[in-house]
Amino acid sequence: MYLGTDLLAAWGLNLEFGVSGVANLAYIVVVAAGAYTYAILSLGPDTGNGGFQQYVLGIQLPFFVAVIAAAVVGAVVGVLIGVTGLKRIRQDYQAMVMLVISLMAATVIGADTGFLGGQPGLSLIPNPFSSLSPVTGDWVYVAMVAFACVVGYFVMRRFTGGPMGRALRAMRDDENAAAAMGFSVVKMRLLSQAVGGAFGGVSGALLVAFIGGWSPGAWAYVETLALLTAVIVGGMGNDFGVSLGTFVIAVLLLQGVQFLPQIPSHTGLTEALGWVVLGTLTIAFLVVRPQGVLKERRPIYRFLGRQATAAPDGDGAGSATAPPP
Amino acid sequence: MHLLIESIGFGVASGSVLAMGSVGFTLQFGISNVLNLTYGGLMTLGAFLGLPLLGMGLNIWVTMALCGLMIGVVSVVFNRTLVSPLVRRGMQPFGLVVVTVSAGIVLEYVIVAVTGTSTQSYGNLSGATLHFLGFTLTSAQVVIILVTVGLMAGLHLLLTRTQLGRAMRATSSNRTLARSCGIATSRISDIAWFLSGTLCGMAGIGLAITLESFDFTLGSVFLVPMIAAAVLGGVGQPYGAMVGGLVVGIASQVSAAYWDPSYESVVAFAILVIMLLVRPRGLFGRNSSANKLVA
């Protein structure tokens with residue numbers, strides 16, 4: 001279940017970061033946007049459950065409509081975040097701004113209880129299969145998420161493997177060269193933000209419909225790092241590698257630690273160590289093997305002979321261009 | 001009117017902590033050209049290192065100085081072991097950002113693993129309340145303001161009156177040229193990381209004093225106004241960051257007095273966004289390596 005939603009999100013992030021080279025440290029915000037969209041579109045009127053929480057819309061739409069709306073909102077928020085990258089500022093500066101956006105979004109949403117539930121968040125978000133028995137309902141839900149993943153993978157492969165994907169990679173490796181070839185860098189960057197955002201939105205919606213509650217604590221900026229680690233460990237720009245990375249990172253490391261025995265005197269110790277391992281792993285991979293476990297496949301280079309393969313492989317963290325002076 | 005003056009007073013107090021932090025952040029960036037987002041984590045570490053020192057019965061201001069020095073050393077070690085080898089290998093700026101963010105998270109959760117997630121406090125250190133010219137400040141806040149003024153004056157003298165400061169400014173404005181003039185730029189970098197870490201640790205303690213209670217998210221939350229202050233003044237410009245810190249501090253305290261206090265940091269964020277859209281070089285953006293941020 002978590003694997004499924006994390007997979008969708010990680011593919012989205014891989015599209016933005018691994019394939020198009022947009023340094024999005026605010027990715028979790030689009031996931032959150034999707035989750036909130038689903039929540040407020042499906043919660044129903046706020047008198048429905050004793051009126052103990054307030055929210056803005058008070059309408060109850062069918063499940064699939066709400067998920068699609070989440071995808072749309074995710075795409076829009078993704079584009080809005082991407083607009084900050086339109087000013088041609090340096091990659092790391094842009095990443096810093098994104099990090100700030102992520103921190104700020106959590107503060108703003110948390111500060112105002114009237115809008116999206118504030119710090120306590122929203123709860124009692126309906127599950128589409130609540131009419132089934134809990135166990136069957138869960139399995140049906142897992143099956144549906146698995147189906148969404150299959151569809152998502154297919155869509156993503158078409159996108160990154162096709163001409164568009166090649167154009168995005170070209171933009172990542174050398175923006176000026178791509179522009180000189182006649183690609184509109186701005187348009188492509190926003191497009192990848194939109195598609196990545198839609199993936200994030202769906203991921204958030206599916207996640208929130210399953211767990212039933214959502215609050216700023218669930219999308220702290222460190223969650224983006226978890227997805228980023230999955231992308232880096234698995235191999236940037238390689239959808240299959242990213243899937244593998246997600247499985248190892250998001251599932252084994254972050255969900256897995258919850259099943260380890262808790263040490264009574266130190267509650268939260270295992271989770272904390274999980275994050276420590278995660279951060280260390282990111283650094284270790286960037287230092288030792290920046291291309292990840294599975295390298296990005298670049299079939300086109302085979303036709304160009306040795307000279308091209310000897311060229312620096314611009315896997316994001318590797319060096320495609322000369323280091324800044 | 002009374003409310004305005006009072007909130008300006010608070011703004012100066014929180015702005016001086018902010019100025020300390022953002023000057024450290026921007027100084028190091030200006031010289032080594034690496035955005036150090038571990039800064040928030042280092043600041044938290046400084047605040048937490050203060051706890052056992054205070055427990056040993058040390059004076060708070062001695063603790064502040066000691067923590068500053070310790071974080072300075074940690075910062076140099078961090079640069080030497082992780083950042084500068086990666087820079088030498090030609091890692092792209094974005095890779096470095098991911099490395100420093102990850103390192104910050106590792107640091108943050110190591111602190112959690114040691115101390116737990118509970119809220120910590122130095123106890124009430126604010127001392128007597130002073131009234132003058134309509135301002136109401138605690139004596140601790142006054143000392144923090146004075147310490148900041150002293151540090152900033154010292155930094156100004158260092159940058160303008162000494163051989164070392166001249167070398168630092170030269171490295172900041174053109175590293176290659178500075179090196180060919182015989183300046184040991186990697187040593188200058190180390191010194192910049194040390195000064196930056198020292199300011200960071202002291203700002204962490206100052207923040208812990210003014211906030212009175214803190215937890216492991218202290219630094220990462222404070223990173224927003226610090227970056228806003230640095231950007232406002234022009235990233236890489238120490239003088240800009242001093243002014244930026246004061247402006248952001250006063251703006252957020254005044255707005256907190258008249259508006260909802262929970263939106264305090266939103267003001268910092270708004271300043272940041274406006275600056276990025278209108279003038280990404282900052283108010284005082286001049287010829288320095290930071291200008292290469294904007295193509």
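Predicted model: local features only at pLDDT ≥ 70, side-chain atom pairs only at ≥ 80, totals over all residues.

Visitor: What share of the residues counts as buried in chain A, and what share in chain B?

Guide: Burial here is a neighbour count, with 20 or more other C-beta atoms within 10 Å as the cut-off. In chain A, 48% of the 325 residues count as buried. For chain B, it's 54% of 295 residues.

Visitor: What about contacts between residues 24 or more positions apart in chain B?

Guide: Take the contacts with a separation of 6 or more, and ask how many of them span 24 or more positions. In chain B that share is 78%. In chain A, 77% of the contacts between residues at least 6 apart join residues at least 24 apart.

Visitor: Which residues touch the most other members of the largest nonpolar core?

Guide: A core is read by asking who touches whom. The largest nonpolar core has 169 residues, and the members touching the most others are Val29(A), Met96(A), Leu99(A), Val100(A), Ala205(A), Ile227(B) and Ala228(B). Take Leu99(A): leaving out residues up to four places away in sequence, it touches Leu25(A) and Tyr221(A), plus Leu37(B) and Val101(B) from chain B.

Visitor: Now helix packing. At what angle do helix 10 of chain A and helix 4 of chain B cross?

Guide: For a helix pair, get the angle and the axis distance, then the handedness, then the residues. Helix 10 (residues 221-234) of chain A and helix 4 (residues 93-115) of chain B cross at roughly 120 degrees, and their axes come within 11 Å. That angle makes helix 10 of chain A oblique to helix 4 of chain B. The crossing of these two is left-handed. On the chain A side, the contact uses Val222(A), Leu225(A) and Leu228(A), while helix 4 of chain B brings Val98(B), Val101(B), Ser102(B) and Ile105(B).

Visitor: How do helix 1 and helix 8 of chain B pack?

Guide: Helix 1 (residues 2-32) of chain B meets helix 8 (residues 185-211) of chain B at about 160 degrees, with the axes 8 Å apart. Angles over 145 count as roughly antiparallel, so helix 1 of chain B is roughly antiparallel to helix 8 of chain B. Here too the crossing of helix 1 with helix 8 of chain B is left-handed. Their contact has 16 nonpolar, nine polar and no charged residues.

Visitor: And what is the angle between helix 5 and helix 6 of chain B?

Guide: About 80 degrees, with an axis distance of 5 Å between helix 5 (residues 139-161) and helix 6 (residues 163-173) of chain B. These two helices of chain B are therefore roughly perpendicular. Helix 5 of chain B contributes Leu158(B), Leu159(B), Thr160(B) and Arg161(B), and helix 6 of chain B contributes Leu164(B), Gly165(B), Met168(B) and Arg169(B). Sorted by class, the contact of helix 5 with helix 6 of chain B has four nonpolar, two polar and two charged residues.

Visitor: Why does Thr210(B) count as partly exposed?

Guide: Thr210(B) has 19 other C-beta atoms within 10 Å, so it counts as partly exposed. Thr210(B) lies in helix 8 of chain B. With residues up to four places away left out, Thr210(B) touches Ala13(B), Ser14(B), Val17(B), Gln141(B) and Ile144(B).

Note on methods: Residues numbered from 1 in each chain as written. Chains lettered and ligands numbered in written order. Buried ≥ 20, exposed ≤ 12 C-beta atoms within 10 Å, placed from the backbone. Contact = placed C-beta atoms within 7 Å. Core = buried A, V, L, I, M, F, W, Y, C linked by C-beta atoms within 7 Å. Axes fitted to C-alpha atoms, helices over the stretch in contact; angles between N-to-C directions. Helix = DSSP H or I, 4+ residues; strand = E, 2+ residues; numbered from the N terminus. Parallel < 35°, antiparallel > 145°, perpendicular 65-115°, else oblique. Left-handed = near helix turned anticlockwise from the far one by under 90°. Nonpolar A, V, L, I, M, F, W, Y, C, P; charged D, E, K, R; others polar.
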